[in-house]
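This briefing covers helix packing, the nonpolar core and a few individual residues. The sequence and model are shown first.

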Amino acid sequence: MSAGRPTERSGLHLALRIFVTLQTAAILFQGVTAGQLLNGTDSMKDVHATGSAAVHLTALVQLVLAILWWRPGRGAGWPALVSLLIALLGFVQSAVGGSHNLAVHVPLGMTLLGVSAAFLVWAWSPRSAARPGHT
């Protein structure tokens, strides 16, 4: 490894950790606003809609970071696949929500939060910082 490579990897790791955290927070925020909507607080509709943009933006940045993490010699490939799954589920979630299909929208949101939370636990674990091929 070159002298700059560990620093580059640790900077990338920190960025990935930050965006996994932001992604999970954005999804959790969506759950909070969804609960308020289901409770009859119609003023949260625009907030919930705007929150979906934050979910999509953080998902796309997280996906790019996870792909950079995966590049040969850097890290495992599965975080990129999980990030892709989260991004795709987020877009499906928006489409289903836009069609007002709560029977699918609510459980899918819970699934999305669960996947994101599990990824968050991994991102902040010491294992995530292990050498490439050992994560």
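Ser116 counts as buried because its relative accessibility is 1%, below the 20% cut-off. This residue is found in helix 4, which spans residues 102-124. The model is a predicted one, and the points below are grouped by topic.

**Surroundings of Ser116**

- Leaving aside residues up to four places away in sequence, Ser116 touches Val20, Gln23, Thr24, Ile27 and Ile86.

**Helix 3 against helix 4**

- Helix 3 and helix 4 pack at an angle of about 160°, and their axes are 10 Å apart.
- Since angles over 145 degrees count as roughly antiparallel, helix 3 is roughly antiparallel to helix 4.
- The two helices, helix 3 and helix 4, cross in a left-handed sense.
- Sorted by class, the contact of helix 3 with helix 4 comprises 14 nonpolar and seven polar residues, with no charged ones.

**Helix 2 against helix 3**

- Helix 2 (residues 44-70) packs on helix 3 (residues 78-98) at an angle of about 160°, with the axes 8 Å apart.
- Helix 2 is therefore roughly antiparallel to helix 3.
- The crossing of helix 2 and helix 3 is left-handed.
- On the helix 2 side, the residues that meet helix 3 are Ser52, His56, Ala59, Leu60, Gln62, Leu63, Ala66, Ile67, Trp69 and Trp70.
- Their partners in helix 3 are Pro79, Ala80, Ser83, Leu84, Ile86, Ala87, Gly90, Phe91 and Ser94.
- By class, the contact of helix 2 with helix 3 holds 13 nonpolar residues, six polar residues and no charged residues.

**Nonpolar core**

- The largest nonpolar core has 17 residues, and those touching the most other members are Leu16, Val20, Trp69, Leu112, Phe119 and Trp122.
- At least two residues of this core come from each of helix 1, helix 2, helix 3 and helix 4.
- Val20, one of the core residues named above, is also touched by Ser116.
- In soluble globular proteins, nonpolar side chains tend to be buried together.

**Partly exposed valines**

- Val32 is placed in helix 1, residues 5-38.
- Its relative accessibility is 45%, so Val32 counts as partly exposed.
- Val32 and His48 are 16 residues apart along the chain, and their C-alpha atoms are separated by 8.9 Å.
- Val106 lies in helix 4 and, at 33% relative accessibility, counts as partly exposed.
- A separation of 9.6 Å is found between the C-alpha atoms of Val106 and Val96, which are ten residues apart along the chain.

**Loop between helix 3 and helix 4**

- His100 is found in the loop between helix 3 and helix 4.
- Although His100 is not a glycine, its phi is positive, at about 60°.
- With a relative accessible area of 59%, His100 is exposed, whereas Ser116 is buried at 1%.

Terms used. Residues numbered from 1 in each chain as written. Predicted model: local features only at pLDDT ≥ 70, side-chain atom pairs only at ≥ 80, totals over all residues. Heavy atoms only, no water. Axes fitted to C-alpha atoms, helices over the stretch in contact; angles between N-to-C directions. Helix = DSSP H or I, 4+ residues; strand = E, 2+ residues; numbered from the N terminus. Parallel < 35°, antiparallel > 145°, perpendicular 65-115°, else oblique. Left-handed = near helix turned anticlockwise from the far one by under 90°. Contact = heavy atoms within 4.5 Å. Nonpolar A, V, L, I, M, F, W, Y, C, P; charged D, E, K, R; others polar. Buried < 20%, exposed > 50% of the residue type's maximum accessible area, 1.4 Å probe, protein only. Core = buried A, V, L, I, M, F, W, Y, C linked by side-chain atoms within 4.5 Å.
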